[in-house]
There are 2 protein chains.
Amino acid sequence: MTASSCFKHTKQQFHLPEDLVYLDGNSLGPLPLAATEKVSATLEQEWGELLIQGWNKAGWMAAPSKTGDRLATMLGAPAGSIVMGDTLSIKVFQAVDAAMDLVPDRAVVLSDSGNFPTDLYMVEGLLKNRSAGKLKVVEPEHLASAIDPSVAVVLLTGVDYRTGRLHDTASIVKKAHAVGATVVLDLAHSAGAIPVNLHDENPDFAVGCTYKYLNGGPGAPAFIYVAPRHQQRIRPALSGWLGHAAPFAFDQHYTPADGVERMRVGTPPVVALSILDAALDIWEQVSMDAVRQASIKLSEQFIAGVESQCPELVLASPRDAQQRGSQVSFRHPEGYAIVQALISAGVVGDFRAPDILRFGFTPLYLDSDDVAKAVERLALIMREGRWDQPHFKIKAAVT
Amino acid sequence: MTASSCFKHTKQQFHLPEDLVYLDGNSLGPLPLAATEKVSATLEQEWGELLIQGWNKAGWMAAPSKTGDRLATMLGAPAGSIVMGDTLSIKVFQAVDAAMDLVPDRAVVLSDSGNFPTDLYMVEGLLKNRSAGKLKVVEPEHLASAIDPSVAVVLLTGVDYRTGRLHDTASIVKKAHAVGATVVLDLAHSAGAIPVNLHDENPDFAVGCTYKYLNGGPGAPAFIYVAPRHQQRIRPALSGWLGHAAPFAFDQHYTPADGVERMRVGTPPVVALSILDAALDIWEQVSMDAVRQASIKLSEQFIAGVESQCPELVLASPRDAQQRGSQVSFRHPEGYAIVQALISAGVVGDFRAPDILRFGFTPLYLDSDDVAKAVERLALIMREGRWDQPHFKIKAAVT
């Protein structure tokens with residue numbers, strides 16, 4: 001079985017618009033065909049028929065842990081170490097807060113300028129209320145060397161959202177632990193993109209979203225991993241009733257639930273979790289190593305094609321596939337207009353300010369024919385200057 | 001048109017299991033029939049076909065404000081003062097944090113023991129990080145008299161989750177403002193239950209969930225209201241990228257968006273919002289005053305029936321309908337078993353520790369025939385002691 005053919009059976013399980021080449025699964029994965037039926041069942045057979053009893057009889061209350069365990073298997077983490085809920089921004093807040101509490105005599109949260117901005121924003125908000133705290137942001141290549149004994153928490157995103165550049169997570173974790181710092185790892189562009197093994201990489205916390213490579217849909221719930229060694233020591237700042245040891249005892253005071261369950265906050269996103277479950281049903285049919293191999297192959301095909309046919313586009317991602325996540329970026333001063341022209345030609349990538357054209361390679365539903373088509377359409381746009389039209393330059397709300 | 005008949009057209013728009021009397025809409029409202037189709041459209045026509053472009057073309061990015069404006073109309077608030085997202089617990093955290101910032105020289109958050117516990121838990125978590133802060137909890141009837149110039153924030157839930165007792169919100173707000181305190185009003189058991197006019201009641205912040213009376217489904221998004229006079233002054237603690245002035249500029253630093261939009265945090269719950277929209281389509285066919293009148297009528301019918309036929313049950317709610325929300329509670333030492341026996345007889349209410357049997361009256365899908373049936377079945381259970389069986393006493397995870 002070739003790398004390409006072994007994903008034919010997964011490609012058939014997604015809703016993909018006719019003749020569209022979708023290279024933006026790094027931003028929002030496509031719809032799993034089974035999701036509609038799954039959601040209808042959740043609505044009609046569970047909510048509709050069971051009503052309030054769905055919390056027990058349909059397993060809604062346990063769903064954040066059950067789905068968390070499915071992700072844990074994918075991410076090399078033990079059962080009971082991941083729980084679903086909220087959004088990634090909220091999970092970053094929870095993780096950095098808890099990580100700071102573990103190192104109470106230090107104030108510095110260290111991150112890098114390649115991190116996704118919301119991670120930095122959430123730390124800014126967290127530090128508004130913490131009496132001591134300082135966010136230090138360095139260039140990505142200086143992150144490792146900036147880890148010193150003043151650092152409480154290293155907050156890093158494993159894969160740069162713009163360039164796809166990989167951090168050497170395991171060695172950064174080792175360096176941080178050697179000086180007594182903790183690590184919060186953001187897996188937004190890693191989960192479903194590259195093999196992740198939380199046991200081996202050994203961060204203290206990890207967080208991620210599920211609407212990108214994992215194909216959980218717009219607004220899909222986020223996840224948080226807490227290393228088992230820390231779980232019982234954490235006093236959550238977002239101490240909601242569903243993270244309480246006994247939510248239905250309605251005690252006046254908060255007592256954290258056992259383990260990672262204390263990172264739950266409010267009522268779980270039942271319907272969104274059922275969509276995500278449909279997406280994970282597909283993920284469980286493949287090995288992450290095979291996905292990674294196929295993604296590298298597609299990425300290399302794309303880079304080679306673009307570099308030979310579109311010399312104006314400059315590779316922004318590391319050339320070495322081992323240094324890249326599952327996305328490839330090019331730079332061009334008119335990147336925004338080029339991406340718009342490309343979309344109108346049926347190839348969806350995205351633009352990231354100031355000049356990045358970003359393309360995601362997602363073997364579950366993308367094959368080498370798609371990549372060839374994308375290169376061909378991009379080459380035509382560049383060759384004929386088709387992007388140079390006013391309507392391709394009007395910025396939309398979401399880019 | 002009688003009060004009962006005027007809701008026939010709304011009752012037809014819900015999925016209600018055959019022969020079930022559902023008196024738990026105060027905990028989880030039933031499924032609007034239109035929700036399945038609406039969600040399927042969101043999945044297949046929007047997510048499936050538009051993919052990443054759904055954020056612009058299907059209006060996903062604006063959805064939290066658009067749905068917020070629909071709620072604002074229901075709650076007597078101006079457009080642009082409510083935004084949807086996250087869970088109620090998170091919204092309590094945001095509101096109390098912002099309310100404390102408005103009164104920086106004071107430390108006390110005042111609440112009452114009738115408040116829903118998660119509100120108190122979230123304040124405990126918030127105060128973990130704030131250098132000065134004290135949660136003071138008094139009995140509900142002493143809340144007003146405990147408001148003094150040491151109080152920064154009064155956190156009150158308009159309707160007591162156990163007894164349905166109403167706070168006189170407007171007068172508490174007046175008293176708080178007179179001493180320079182701010183008010184966070186939790187509308188969990190008010191929105192869709194009683195007429196609410198945020199303009200007249202004048203709290204500084206209001207928060208609520210949408211899965212109870214509003215029928216938004218399990219895990220439906222919460223909402224937050226910020227009084228227009230405060231919106232530009234707030235520096236959110238949960239400063240996520242979608243509350244940023246320019247989320248897609250990917251600035252390194254957080255700059256709050258205009259107005260209430262800054263209370264957005266992460267990616268909006270697109271699918272859950274489409275379900276809620278289906279529910280609000282029904283709400284927009286009725287007047288809240290008519291709902292209130294009908295709810296009082298149903299509640300009075302239930303109280304009269306239960307008191308005449310089940311003398312062992314002691315009314316826990318205020319007898320005066322004007323002092324009650326849309327739910328009625330009774331006390332019995334074996335409340336849990338009685339509720340279980342009642343559920344097995346096709347009448348769903350719920351139990352709240354230690355001894356409360358709680359019943360919600362929701363005219364959108366409940367009429368006087370239903371109430372008569374509920375009284376009859378409850379009376380039979382009490383008369384014959386049918387609740388006194390071991391299997392009715394086994395506590396489920398969710399009660």
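Predicted model: local features only at pLDDT ≥ 70, side-chain atom pairs only at ≥ 80, totals over all residues.
Two strands count as paired if DSSP finds at least two bridges between them. Strand E8 (residues 182-186) and strand E9 (residues 205-208) of chain B pass the test, pairing in the parallel sense over three bridges. Within that pairing, B:Asp186 stands opposite B:Val207 of E9(B). E9(B) also has a partner in strand E10 (residues 222-226) of chain B: four bridges join them, and this time the strands run antiparallel. Here B:Phe205 has B:Val226 as its bridge partner.

Where do the side chains of E9(B) go? B:Phe205 and B:Val207 point one way, while B:Ala206 and B:Gly208 point the other way. In E9(B), residues pointing either way are buried.

H10(B) covers residues 288-309, which makes 22 residues. From its first C-alpha to its last it reaches 31 Å, close to the 32 Å expected at 1.5 Å a residue. Which residues of H10(B) are buried? They are B:Val291, B:Ala294, B:Ser295, B:Leu298, B:Ser299, B:Phe302 and B:Val306. Look down the axis of H10(B) and these buried residues fall within an arc of 135°, so they line one face of the helix. The numbering makes sense once you know that an α-helix has 3.6 residues a turn, so residues three or four places apart point the same way. On the other side of H10(B), you'll find B:Asp289, B:Ala304 and B:Ser308 exposed.

What does the buried face of H10(B) pack against? Its buried residues meet strand E12 (327-331), strand E15 (356-360) and helix H12 (368-383) of chain B. Two of those partners, E12 and E15, belong to an open sheet of four strands, in the order E11-E12-E15-E14 (chain B), with antiparallel pairing. Strand E11 (314-315) and strand E14 (350-352) of chain B stand at the edges; each has a single partner strand, so one side of each is left without a neighbour in the sheet.

Helix H11 (residues 335-344) of chain B is mostly covered, with eight of its ten residues buried. Among them are B:Tyr336, B:Ile338 and B:Leu342. The cover includes E12, strand E13 (347-348), E14, E15 and H12 of chain B. Just after H11(B), B:Gly346 takes a positive phi of about 85°.

Time to step back and look at both chains. Chain A can be laid on chain B with an RMSD of 0.0 Å by a turn of 180° and a shift of 0.0 Å along the axis. The two copies are thus related as by a two-fold rotation axis. The same surface serves both: 100% of the contact residues of chain A recur in chain B. How many residues does the contact take from each chain? It takes 78 from chain A and 78 from chain B. On the chain A side, the elements that each supply at least two residues include helix H2 (34-50), helix H5 (88-101) and helix H6 (117-129). By class, that side has 44 nonpolar, 23 polar and eleven charged residues.

Finally, is A:Glu18 buried or exposed? A:Glu18 lies in the loop between strand E1 (14-15) and strand E2 (21-22) of chain A. With 6 other C-beta atoms within 10 Å, A:Glu18 is exposed.

Note on methods. Residues numbered from 1 in each chain as written. Chains lettered and ligands numbered in written order. Buried ≥ 20, exposed ≤ 12 C-beta atoms within 10 Å, placed from the backbone. Expected span 1.5 Å × (residues − 1). Arc of directions from axis to C-beta. Contact = placed C-beta atoms within 7 Å. Least-squares fit on C-alpha atoms with pLDDT ≥ 70 in both. Nonpolar A, V, L, I, M, F, W, Y, C, P; charged D, E, K, R; others polar.
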